[in-house]
Amino acid sequence: MSGILSIAGLGPGDEALITPEVSAALAEATDVIGYIPYVARVAPRAGLVLHPSDNRVELDRAALALRLAAEGRRVVVVSSGDPGVFAMAAAVFEALEAGPVHWRDLDIRVLPGITAMLAASARAGAPLGHDFCAINLSDNLKPWATIDKRLRLAVEADFAMAFYNPRSKSRPEGFARALALLQEACGDARPMLFARAVSTPQEELRIVPLNRATPEMADMRTMVILGSSQTRIIERPSGPLLYTPRSGAGV
């Protein structure tokens, strides 16, 4: 087959954080497919067809991308951040596995991007500097019981934790439940970072003790990072630095 399917990460927001590899794929694309706000980040041009769609049709998007690539088109499926982190790469492979056998002959490339988790961590310092985990707090695709179990085990393992999709208008109670669980299970004032719209003009960073964090501090544009018991704050005139050391007691 002559088509190419690239699954690309657009990074957290700033165009400077899009990799040259992704920029080159977009420049050569005949079709760009993705969630409406992500496709809107791609400039229209002659010879390029944009295919924006709703957020809850990931498998439909993936199947469309595979069909177009099988027709010989140069297709780019876009996600924010990295396409392999709670994003479209897994959906494309799920559709590939369930689809026609000839799709497996396609040239499929995953082009990494800078995740919101890494961008937020870098802005604040290095809260993910030692062992950490990432948990998607949305229960759209998994039961809350699974989220509950993973949170408790992460606390027991003393990981720093990065939380994707903490709170939306359709499920405002999820982050409140997670926060109450964490405050009870950790039982301390370890730092929690709320990093909203990182790398955009709307960027806001806020570090608060876990026991003073509230659900209203997060929305769907917020990356939340909870430090481990070892995470520290360095106070300085230009603003605090948050980091988790790689050495020391308990690590």
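Visitor: How much space lies in the second largest pocket?
Guide: This is a predicted model, in which local features need pLDDT of at least 70 and side-chain atom pairs count only at pLDDT 80 or more, while totals for chains, interfaces and linings use all residues. Residues are numbered from 1 along each chain as its sequence is written, and side-chain values use heavy atoms, without hydrogens and water. A pocket is an open set of 1 Å grid points where a 1.4 Å probe fits, with protein on both sides within 12 Å along at least five of seven lines. The space in the second largest pocket is about 210 Å³.

Visitor: How many charged residues are in the lining of the second largest pocket?
Guide: The lining (residues with an atom within 4 Å of a point) includes E15, R41 and R45. Beside 6 nonpolar and 2 polar residues, the charged ones number 3.

Visitor: What is the volume of the largest pocket?
Guide: Its lining has 47 residues, and those closest to the centre are Y38, N55, F86, N165 and M220. The lining divides into 21 nonpolar, 16 polar and 10 charged residues. The volume is about 1,600 Å³.

Visitor: Which element gives the most to the lining of the largest pocket?
Guide: Elements that each supply at least two residues are β2, α2, α3, β4, α4 and β11. With 4 residues, the one that gives the most is α4.

Visitor: Which residue follows α5?
Guide: Helix α5 spans residues 116–124, and its buried residues (under 20% relative accessible area) are M117, A119, A120, S121 and A124. With a positive phi near 140°, the residue that follows α5 is G125.

Definitions and conventions
Points joined across faces, edges and corners; volume = space filled by probe spheres on them. Nonpolar A, V, L, I, M, F, W, Y, C, P; charged D, E, K, R; others polar. Buried < 20%, exposed > 50% of the residue type's maximum accessible area, 1.4 Å probe, protein only.
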